[in-house]
There are 2 protein chains.
Amino acid sequence: MNEIVRVNTRTGTITKHEVTSEEARWGGRYLIAKVLLREVPPTCDPLGRFNKLIITPGLLGDTIVTTAGKFSVGGKSPLTGGVKESNAGGEAGKQIARLGIKAVILEDQPIHSQAHLLTLTANAMTLAPCAELKGKEVSETFATLRERRGPKVGILCVGPAGEMKLAGAGVAVTDAQDIQVRYAARGGLGAVMGSKGIKAIVIDDSEAAPARAFDAGLLRETSKQFAQTILDDPKTENRHKFGTPAILAAANALGLLPTRSFRTGAFEHADAISGEQVAEVIAARGGDGQSGTTCLRGCVIQCSNIFPDPSGKKTVASIQYENIALLGSNCGIGDLDGIAELNDLCNQVGVDTMEIGAAIGVAMDAGLIPFGDAKAAADLIRQIGLGTPLGRILGSGAVIAGKVLGVSRVPAIKGQGIPGYDPRALKGNGVTYVTSPMGADHTAGNAFETARTVNPLGKEKQVENSRRLQVRAAILDSMGICLFTRPPFVKHPEFFATFLKARYGWDVTYADVQRLGIDCLATEREFNQRAGVSEEFFDMPEFMRDEPLAPHQSVYDLSLEDMQQIWNVELPAGVF
Amino acid sequence: MNEIVRVNTRTGTITKHEVTSEEARWGGRYLIAKVLLREVPPTCDPLGRFNKLIITPGLLGDTIVTTAGKFSVGGKSPLTGGVKESNAGGEAGKQIARLGIKAVILEDQPIHSQAHLLTLTANAMTLAPCAELKGKEVSETFATLRERRGPKVGILCVGPAGEMKLAGAGVAVTDAQDIQVRYAARGGLGAVMGSKGIKAIVIDDSEAAPARAFDAGLLRETSKQFAQTILDDPKTENRHKFGTPAILAAANALGLLPTRSFRTGAFEHADAISGEQVAEVIAARGGDGQSGTTCLRGCVIQCSNIFPDPSGKKTVASIQYENIALLGSNCGIGDLDGIAELNDLCNQVGVDTMEIGAAIGVAMDAGLIPFGDAKAAADLIRQIGLGTPLGRILGSGAVIAGKVLGVSRVPAIKGQGIPGYDPRALKGNGVTYVTSPMGADHTAGNAFETARTVNPLGKEKQVENSRRLQVRAAILDSMGICLFTRPPFVKHPEFFATFLKARYGWDVTYADVQRLGIDCLATEREFNQRAGVSEEFFDMPEFMRDEPLAPHQSVYDLSLEDMQQIWNVELPAGVF
């Protein structure tokens, strides 16, 4: 991974440059922060020619470390107006890394909008029109390219929503078997890709040189211990059996499950949409259904699934907690088949399930369709793909939907819809939503996992806790490793330094790794500050400070001033 | 004018307080800036309960000074996210002033949205439901209230767009004879009024005490000289004969007339929509048609008109330059009857003609309807009134329309559509659009009038010139006097100090008046800075730095850094 590929989408020129010694230390989220601050004018139009779309594996992207291979997509977000990094599993990230590419950067934009296909192989990089893919849904795009390029290439693409430059659009990626559609979903990066006129990217690593490591033995040995630490943790088994929806019952019990556009924190049909229920339905229906699958090869957690319809035919893969929370309970929908269909529709038209779930909740609040009506909700998502005016409104995300539909009560922070944790009942997440450079984001420092040690309803320790979690997220997202590797992170942080040493030969300690995470956040915050979207301007939505949330009747009561102190407090020594 | 009326729209409580000695010095735009900074959290939701809608006559609102009586409507703008002051003629402002009211402030918001009517008389202030007016167009609302309250009351109202809280909505006001619909149009303040659940305000000054002045003789004498200075200026005669469209031919000749969504600066049908043509058509058709009418009693300029259809029946009053530029040439429409109809439709549904003209231009750019199609454009405006998804998109203004329709090329700055002067060919206006706390605004410091002394295509003197014009606008908008009183302002600035002395007994000089204007702008800028919308974050739209504008092939080339120096340069002594 020592080359950066730049694609000028206006001229069609593709160049490849060896990384500098400084750039060599960047990867994933960290690279995005650094490149954005260096190269993109912070106040530029996110869908204009000065924004860049950056696709980059993490620092461990070409290693055998379990879960490594997650990759980051980044740019200035059309939703938040600030820095955005969104990462995904799937196989494409590994393949980019195996081609020796540290980052692919899409620059400028075509004068006349046209669908183009970017192809990267070990020996060639080409950009060619692909009119035949224009407007195609995601699975059809994958299938067409698969037919053309065989079963092994990695593919990224946008759906019609991205082509239409709707701010709720994500970037889709294939998994190893073309069963799942994975997404770098958040922040509207699909719209940025669409604005560059790139419909899809094919990565063919078949002729790539074998991945190198400075000390392969050390890498192998540490990876083994790393994986074992994950497997030894009881949560891993739970995630494997029930997938990410494993937490739904607890979220409901804690009263933080978004329900009917965040009107309550508990849903009367929670049992019908829980992780246990997902697993039961999959087991009972058989057919394509499967629990405990991987999103990328070599993962020992295996929290994905294939959710089948009553006849056993796949509806969607994988159905996950955030999707169920936002498209399900948040829309008053308590029926897994209905939710699975909505999830698949989002995947096909190419939008973020969370942003669109929040937007549909807003539309339901506006009285456009009733809460609980899965069929009507499905029609709305189809309209996004068709580009009807209403579809475009919803495809633009919750904030725009609220503005256009006359709804002030919008669950969003910094322009981005709040994910599946109501901050009134999980206050640490409120701190993260407000202070993270990413806006309301469930992967930027999620306090759900610490709900047992930090009272989720109290004000105490939320700020410190969020900071710790934000730094950890920044580190993992820069390594290209899953957030579910928390057990070794907490117990053996030294593994991360060892990984970097084994892969690159760097003489680093965990303190250096920590500094990387802190610098990543500082760089992102600087970009946001220059872009005019620093945390000082975006508080919790007003209704969350006003409306008590059942069942705990809690309001959000950490002040903006207290939350803003997050970066001023001295960092504690040791792991976080 | 020594009382402030506060209406709590949640509880229905109305209170009246005497002004403090500090507040006594405020009026119009200046009062809005001061109250907003003191009372409204800068980062609040513009359509939420913490924003306030402020209605305030200028400092000379209850005097006989010609053009005095223009009044200001203000609040945090849903379009720009910053301070907004929008003023209008009509009779209501004078009537508020005659009731001794310095400002009416609508606070908080109702829990359940419902149309309410606020009535202010000398002896009573009431707030009552008016379900019968809900959803009614503007002229019908005026007519219903007129029938109920007689021919003399002043009326403010919002149309359906304001009730729907669309960010392109304005606040409408009656003139003396119910012929014209005047508008505090810009910045979406109609949506703020709608968010407070207030459909209309009736002002009955029939039992008000006669207006007082500290020195009535001095006021009368100075007013006479003031009026005479206006009448002596050749531009006044021109404005009287041709109305504000008098400048259209010159705007076209200078190549700054927005044409087809700001693609060129000259329009091949300019002759057919010029001020001369407006006057000719009015004269030829007779009937209701009339040139040279007033928007408020006592104005010696008389630049309004009544534009009739071919049968002589009124289509709209008054048709003005900005409306013709944005709804006409900007939409490729070169037919006065078509434009007049669009103008009337905007007045009826309750939206800003400029914002909606810019938004329709964006929709035309997106290919929704062809440039030049007045019938299709009329249908779009009707859709705003009906609240269809597409209508709501356009009613939300040009920026939202661009985001939802996938158009990056949006002529707007700080969220607000650019008025009828393309800044590439009138660079001083570019400075004003970028640096004014109001965003893209034609009344906040319009360099058109100085196009003969400052080369509109050059970079020289634009920043200084804009500052001078911005300070003057702030002064006039705080006095409640028309911008067309420029001749005495330039020749006899001392009149303004004399007016304040005659009205209030204040011992002030013109330097004090100037300080008021400067302080007004500084206060507004401070609010915007705290709101996160200071000028450092909003540059010219990218396409205006990229796309040369025909016929001069000029791009906008003043740097943001240079423009930001506007408040740092030492102020020259003397008048500006």
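A salt bridge here is a side-chain nitrogen of Lys or Arg within 4 Å of a carboxyl oxygen of Asp or Glu. Between chain A and chain B the count is two salt bridges.

Before going on, a word on what we are looking at. This is a predicted model, in which local features need pLDDT of at least 70 and side-chain atom pairs count only at pLDDT 80 or more, while totals for chains, interfaces and linings use all residues. Residues are numbered from 1 along each chain as its sequence is written, chains are lettered from A and ligands numbered from 1 in the order in which they are written, and side-chain values use heavy atoms, with hydrogens and water left out.

Back to the interface. How many residues does each chain bring to the contact? Chain A gives 29 residues and chain B gives 29 residues, with contact meaning heavy atoms within 4.5 Å. Together the two chains bury about 2,300 Å², 53% of it on carbon and sulfur atoms. Buried area is the accessible area, taken with a 1.4 Å probe, that two parts lose on being put together, summed over both. On chain A's side, Val404(A), Phe537(A) and Glu542(A) supply 25% of the area buried against chain B, more than any other three residues.

Now the sheets. Helices (H or I, at least four residues) and strands (E, at least two) are DSSP runs, numbered from the N terminus. Two strands pair if DSSP finds at least two bridges between them. In chain A, six strands make an open sheet with mixed pairing, in the order E8-E7-E12-E9-E10-E11. Its edge strands are E8 (125–129) and E11 (181–184) of chain A, each pairing on one side only. From one strand to the next, the twist averages 20°; axes are lines fitted to C-alpha atoms, for helices over the stretch in contact, and angles run from 0 to 180 degrees between N-to-C directions. Helix H3 (residues 138–149) of chain A packs on this sheet, and its direction makes about 145° with that of E9(A). Strand E7 (residues 116–121) of chain A runs antiparallel to E8(A), joined by five bridges, and Leu120(A) stands opposite Met125(A) in E8(A).

There is another open sheet in chain A, of three strands in the order E13-E14-E15, with antiparallel pairing. E13 (290–293) and E15 (314–317) of chain A are at the edges with a single partner strand each, so one side of each has no neighbour in the sheet. Strand E14 (residues 304–308) of chain A pairs with E15(A) over three bridges, and Pro308(A) faces Lys314(A) in E15(A). Helix H9 (residues 275–285) of chain A lies across E13 and E14 of chain A, at about 60° to E14(A).

Over all chains, the count comes to 72 salt bridges. One of them joins the side chains of Glu107(A) and Arg6(A), at 2.6 Å from N to O. Glu107(A) is in strand E6 (residues 101–107) and Arg6(A) in strand E1 (residues 3–8) of chain A, so the pair ties together parts 101 residues apart in sequence.

Finally, some backbone details. Ala550(A) and Pro551(A) are joined by a cis peptide bond, with omega about 5°. In chain B, a cis peptide bond joins Ala317(B) and Ser318(B), with omega about 0°. Lys461(A) has a positive phi of about 65°, although it is not a glycine.
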